[in-house]
Amino acid sequence: MAGYKDGLAFRYLQATKYDRQKPLRDSLGHIPAPARFKVYPQAERVELTPPDVGQPADLWQCLARRRSERDTSPQPLTLQELSLLLWAAQGVTARAGGYLLRTAPSAGALYPFETYLYADRVEGLGKGIYHLEVGEFVLERLKDGDFNRHLTAGGLGQSALRRAAVVLIWTAVLLRCMVKYRERAVRYIAMDLGHVCQNVQLAATAMSLGSCPIGAFYDDDINRLIGVDGEEETVLYLATVGKLG
Ligand SMILES: Cc1cc2nc3c(=O)[nH]c(=O)nc-3n(C[C@H](O)[C@H](O)[C@H](O)COP(=O)(O)O)c2cc1C
């Protein structure tokens, strides 16, 4: 009888170990490189506020106070708060030889993911789905409408999603990482997004907002909502954010 060691999770980690005696080989052939980051040229753009308007915060306090908060309030976020959350997630902090280096580390500086969001309640921003264009730090408006119920249902009915003022949605763009790391890429994409989400949680804490990482959802429901194909690009991680109290 097959046991857990025969399952995908075990086999994947074993098969993608670096080993001096056994160089990793694969039969994947040529892997085409996608664009370094996505741009929706037809989308209406929303300017985000640069980060230097943030209030100073003590890193040690933020680390000590960070918690996953699911019971956020009906109050809206400000556009400035959203800007700071997005800058914490994927702000460009240096440019080096064509690479846009960000607030969070990424294996090979490949950033094999995209940041989308559902804005339910943000002052000055209509309800809808947006994409972060990292190069210019602007939001691209993809879809207008109230998708709260849709997103909550796609997230297994979790109340954190229903209550959130904003839900950040991260997709994996697998080939962007596979070009360099081949089969090992899946390890790195998950690690990369862990860093991104931690940055968001620390930024939320610094602004006394509540946030919660969300890994449980019906993938293709969320993929359809944001308009990605679920193969070349597929949702991997969400985070809710809202006001506390
Ligand atoms: C990868 C990952 C996925 C998670 N998915 C969910 C989720 O779907 N729903 C949820 O309520 N919390 C989720 N969490 C939050 C964890 O439950 C939480 O981090 C854990 O209970 C520790 O609590 P703390 O974050 O407040 O320290 C997730 C956290 C991580 C890191």
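**Figure 1. Overall view of the protein chain.** The accessible surface of the protein chain comes to about 12,800 Å², and 54% of this area belongs to carbon and sulfur atoms; accessible areas come from the Shrake-Rupley method with a 1.4 Å probe, and for residues only the protein chains shown count as cover. The model is predicted, so local features need pLDDT of at least 70 and side-chain atom pairs count only at pLDDT 80 or more, whereas totals for chains, interfaces and linings use all residues. Residues are numbered from 1 along each chain as its sequence is written, and side-chain values use heavy atoms, with hydrogens and water left out. The protein chain has 8 helices and 9 strands; helices (H or I, at least four residues) and strands (E, at least two) are DSSP runs, numbered from the N terminus. Its C-alpha atoms fill a box of roughly 55 × 50 × 40 Å along the principal axes. The radius of gyration of the protein chain is 19 Å, which agrees with the value near 18 Å that a compact globule of 245 residues would have; the radius is taken over C-alpha atoms, and the globule rule is 2.2 Å times the number of residues to the power 0.38.

Figure 2. Of the 245 residues, 45% count as buried; buried means under 20% relative accessible area, exposed over 50%, and partly exposed in between (1.4 Å probe, protein chains only). Among contacts with a separation of 6 or more, 74% are between residues 24 or more positions apart, where contact means heavy atoms within 4.5 Å. The mean positions of the 29 positive and 27 negative charges are 7 Å apart. Lys and Arg count as positive and Asp and Glu as negative, while His and the chain ends are not counted; the place of a charge is taken as NZ of Lys, CZ of Arg, CG of Asp or CD of Glu.

**Figure 3. Surroundings of Asp 120.** Asp 120 is placed in the loop between strand 4 (113-119) and strand 5 (128-133). Asp 120 counts as buried because its relative accessible area is 8%. Its side chain is joined to that of Tyr 118 by a polar contact of 2.6 Å. A polar contact is a pair of N or O atoms within 3.5 Å; within protein, one must be able to donate a hydrogen and the other to accept it, and residues adjacent in sequence count only if both atoms are side-chain atoms. With neighbours within four places in sequence left aside, Asp 120 is in contact with Lys 127, Asp 146, Asn 148, Ala 164 and Ala 165. Pro 76 is 44 residues from Asp 120 in sequence, and the two C-alpha atoms are 8.2 Å apart in space.

**Figure 4. Surroundings of Thr 72.** The loop between helix 2 (59-65) and helix 3 (79-90) holds Thr 72. This residue is buried, with a relative accessible area of 5%. The side chain of Thr 72 reaches the backbone oxygen of Arg 163 at 3.5 Å. Beyond its neighbours within four places in sequence, Thr 72 has contacts that include Arg 163, Ala 164, Gly 210 and Leu 244.

Figure 5. In helix 6 (residues 174-181), the buried residues include Leu 175, Cys 177 and Tyr 181. The buried residues of this helix pack against strand 4 and helix 7 (185-206). Just after helix 6, Arg 182 takes a positive phi of about 50°. Most residues other than glycine have a negative phi. Glu 183 is placed in the loop between helix 6 and helix 7 and is partly exposed, with a relative accessible area of 37%. Although Glu 183 and Arg 25 are 158 residues apart along the chain, their C-alpha atoms are separated by 9.1 Å.

Figure 6. Ser 208 lies in the loop between helix 7 and strand 8. Ser 208 has a positive phi of about 55° although it is not a glycine, and at 46% relative accessibility this residue counts as partly exposed. Ser 211 belongs to strand 8 (residues 209-214) and counts as buried, at 2% relative accessibility. A polar contact of 3.1 Å joins the side chains of Ser 211 and Gln 201.
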